[in-house]
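The notes follow in the order I checked them.

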Amino acid sequence: MPSRDPAAEASYFVETVGGELVFAIEAFGTRVAMVRLTDDAPALLFAGHLDGERPILVYRVADLEAAIAELRESGCDVSEPFGIPPGPCAEITTPGGHRLAIYELTRPETLDHLAGRRDF
């Protein structure tokens, strides 16, 4: 989710809502914090580098290339793949302005490496 202040957002969801801070990292000129509200997905990700007000709903797919091809064949506007820590990702642009992305988990160890990290 886009956030003007990931530290404050994470703090609120931990202290007030009762979530668990997974990580709070500062890298590449931005801050990103992950909070889990339950043991199961989804987690909340507060990102200082994202523009806009709407959250981006991110879904994991088994095969990113196949999913992109299928979505494009159906008429979806899908970006070229780019990288996020867990693996390659692509953004889907909808006519109504909803924000969606799909990714393939190719680096499952990434979240384990980030868990417990507190840069802020």
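I started at Ile-92, which stands opposite Leu-100 in β8. The model is predicted, so I treat each entry below as computed.

I then looked up the strands around that pair. Strand β7 covers residues 87-93 and runs antiparallel to β8, with 5 bridges joining the two. I noted that β7 and β8 form a hairpin with 5 residues between them. In the turn, Gly-97 has a positive phi of about 85 degrees.

Next I asked what stands opposite Leu-57 in β8. I found Leu-100 there. Strand β4 (residues 56-61) pairs with β8 (residues 99-104) in the parallel sense, over 6 bridges.

I moved on to helix α1, residues 6-15, and listed its buried residues: Pro-6, Ala-10 and Phe-13. Viewed down the axis of α1, these buried residues fall within an arc of 70 degrees, so they line one face of the helix. I checked what covers them and found that the cover includes β1 (20-27), β2 (30-36) and β3 (43-47).

Last, I looked at the largest pocket, which holds about 1600 Å³ of space. I recorded 43 lining residues, with Met-34, Leu-45, Val-58, Ile-84 and Pro-86 the closest to the centre. The elements that give two or more residues to this lining are β1, β2, β3, β4, β6 (82-84), β7, β8 and α3 (109-114). I sorted the lining residues by type and got 32 nonpolar, 3 polar and 8 charged.

Technical notes
Residues are numbered from 1 along each chain as its sequence is written. This is a predicted model: local features need pLDDT of at least 70, side-chain atom pairs count only at pLDDT 80 or more; totals for chains, interfaces and linings use all residues. Side-chain values use heavy atoms; hydrogens and water are left out. Buried means under 20% relative accessible area, exposed over 50%, partly exposed in between (1.4 Å probe, protein chains only). Helices (H or I, at least four residues) and strands (E, at least two) are DSSP runs, numbered from the N terminus. The arc is that of the directions from the helix axis to the C-beta atoms. Contact means heavy atoms within 4.5 Å. Two strands pair if DSSP finds at least two bridges between them. On a 1 Å grid over the protein atoms alone, a cavity is a set of points where a 1.4 Å probe fits but cannot get out, and a pocket is an open set with protein on both sides within 12 Å along at least five of seven lines; lining residues have an atom within 4 Å of a point. Grid points are joined across faces, edges and corners, and a volume is the space filled by probe spheres set on the points. Ala, Val, Leu, Ile, Met, Phe, Trp, Tyr, Cys and Pro count as nonpolar, Asp, Glu, Lys and Arg as charged, and the others, Gly among them, as polar.
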